[in-house]
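This report walks through one protein model, from its sheet to its charged pairs. The sequence and the structure come first.

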Amino acid sequence: MKCKTILIAYQDDLPAKSLATYFHRMGYRVEVAKLVSDVIRKVRSGNIHVILLDDDIEGVKACDLVAIFKKINPRVQ
């Protein structure tokens, strides 16, 4: 079975590093992004399976970003 990739999209380093460490230890591939443009680029790659979003990234609410990510890759969770 192919290892799932989790993208952690947080502006603050501390929670992003904590989550990255936790999921890496659980056996997942982990990527981290601090900018919306980086998240979009990584979602377009098709290699991201799950996105963990901060409440607000660069002044954009997470609920507004979900629809964009789903249009780019409908299978992303």
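How many bridges join strand E1 to E3, and do the two run parallel or antiparallel? Four bridges join them, and strand E1, residues 5-9, runs parallel to E3. The model is a predicted one.

**The sheet**

One of the pairs between these strands involves isoleucine 6, whose bridge partner in E3 is valine 50. In general, strands of a sheet pair through backbone hydrogen bonds, either parallel or antiparallel. Here three strands make an open sheet with parallel pairing, in the order E2-E1-E3. Strand E3 (50-53) and E2 are the edge strands, each pairing on one side only. On average, neighbouring strands of this sheet are turned by 20° against each other, direction ignored.

**The helices**

H1 packs on the sheet and touches E1, E2 and E3. The direction of H1 makes about 170° with that of E2. Helix H2, residues 36-44, lies across E1, E2 and E3 and runs at about 145° to E2.

**Lysine 4 and tyrosine 28**

Lysine 4 lies in the segment before E1. Lysine 4 counts as partly exposed because its relative accessibility is 39%. Which residues is lysine 4 in contact with, leaving aside its neighbours within four places in sequence? They are Tyr28, Arg29 and His49. Leucine 14, in turn, is 10 residues from lysine 4 in sequence, while the C-alpha atoms of the two are 23 Å apart in space.

Tyrosine 28 sits in the loop between helix H1 (13-25) and strand E2 (29-33). With a relative accessible area of 34%, tyrosine 28 is partly exposed. Tyr28 also belongs to a nonpolar patch on the surface, together with Tyr22 and Met26. The accessible area of these residues together is about 330 Å².

**Salt bridges**

The whole structure holds five salt bridges.

| Lysine 34 | Aspartate 13 | 3.1 Å |

Lysine 34 is partly exposed, at 37% relative accessibility. Aspartate 13 is also partly exposed, with a relative accessible area of 41%.

Arginine 29 is partly exposed, with a relative accessible area of 43%.

Arginine 41 and aspartate 38 both lie in helix H2, three residues apart, which is about one turn of the helix. Arginine 41 is exposed, with a relative accessible area of 52%, while aspartate 38 is partly exposed at 23%. Elsewhere, salt bridges that share partners join Arg29, Glu31 and Lys42 into one network.

Note on methods. Residues numbered from 1 in each chain as written. Predicted model: local features only at pLDDT ≥ 70, side-chain atom pairs only at ≥ 80, totals over all residues. Heavy atoms only, no water. Patch = residues over 30% accessible without salt bridge, like charges linked within 9 Å, V, L, I, M, F, W, Y side chains within 5 Å. Areas by Shrake-Rupley, 256 points an atom, 1.4 Å probe, with all protein chains shown as cover. Salt bridge = Lys/Arg side-chain N within 4 Å of Asp/Glu carboxyl O. Buried < 20%, exposed > 50% of the residue type's maximum accessible area, 1.4 Å probe, protein only. Pairing = 2+ DSSP bridges. Axes fitted to C-alpha atoms, helices over the stretch in contact; angles between N-to-C directions. Contact = heavy atoms within 4.5 Å.
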